Amino acid sequence: MRKIIAANWKMNKTRPMAAEFAGQLAMALKEGTPEGRLALVFPPFTDIAAVADAFAGINNLAVGGQNFYPAEKGAFTGEISCAMLRDAGANWLLAGHSERRHVFGETDGLIAQKTAFGLEQGFKVMLCVGETLEERNNNQLNGVLQRQLSSAIQPLANGILSKSPDQIAVAYEPVWAIGTGKVAGPDEIREAHAAARKILSDLLGNSYANSVPLLYGGSVNAKNAGSIIALDNVDGLLVGGASLEAPSFLDILRA
Ligand code: PGA
């Protein structure tokens, strides 16, 4: 399976800054991304078109939306639709990121609705899951993964997901590792990824579950990326802070 190296810019970069980054990336990767790697950038909405324009025509470079509302259009002040994101050049979506869950109060129910809607609109969806420190300390890792994965995926297992494999990816991002500099250790990543893969197998069947890319995110940087991506069951990285500078993101992509 090709490995996905994803950049989540969160609420960073104006349009000129985004265009400069995307230009540097496009220049560095004009002969293609490293073998077997997809580079995926989730910019703020106002930057998507600039990034997509810079990436046009280069294989294995893709753009996604950090957020969206699960309705075609209408009276949803402040929200953005899948059609708008597609028009700007995005073909991936993030759902369930810990900041959406914990800062903006998105529930498992809303995340399930968003996952279903995004897939139905023909996007690839990266569903993010992960436990807080308190949940980890209370031995709730498995329970949290079970709840977050099954609420979003179970309703789709015999529907849209059975019709369109390759549309979903899962990112395991322990909340305590996001933006803290405290990257999860290899044993913690192995344990969580094995648990997530088992839950996916129960929901989707073995062969399907094995084809779902399972990414790790949380304080990934150019120094630790190589050892994490080499772990069994790690099919990619979702990178926040260290993805904001093109040289650092390129180092991670090449790790
Ligand atoms: P971080 O963020 O790499 O800054 O920890 C990861 C994420 O939020 O996806």
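Modeller: Buried means under 20% relative accessible area, exposed over 50%, and partly exposed in between, with a 1.4 Å probe and protein chains only. This is a predicted model, so local features need pLDDT of at least 70, side-chain atom pairs count only at pLDDT 80 or more, and totals for chains, interfaces and linings use all residues. Residues are numbered from 1 along each chain as its sequence is written, and side-chain values use heavy atoms, with hydrogens and water left out.

Biologist: How many residues of strand β3 are buried?

Modeller: Strands are DSSP runs of E with at least two residues, and helices are runs of H or I with at least four, numbered from the N terminus. In β3, Leu61, Val63 and Gly65 lie on one side and Ala62 and Gly64 on the other. For residues 61-65, the number buried is five of five.

Biologist: Which residue stands opposite Ala62 in β3?

Modeller: Strands pair if DSSP finds at least two bridges between them. Strand β2 (residues 37-42) pairs with β3 in the parallel sense over three bridges. Opposite Ala62 stands Leu40.

Biologist: How far apart are the end C-alpha atoms of helix α7?

Modeller: The expected span is 1.5 Å times one less than the number of residues. Helix α7 has 13 residues (141-153), so it should span 18 Å, and the distance between its end C-alpha atoms agrees: 18 Å.

Biologist: How much of the ligand's area does the protein bury?

Modeller: A polar side-chain atom of His97 lies 2.7 Å from an oxygen atom of the ligand. Taken alone, the ligand exposes 280 Å² (Shrake-Rupley method, 1.4 Å probe). Of that, the protein buries 95%.

Conventions
Polar contact = N/O pair within 3.5 Å; in protein donor to acceptor, adjacent residues only side chain to side chain.
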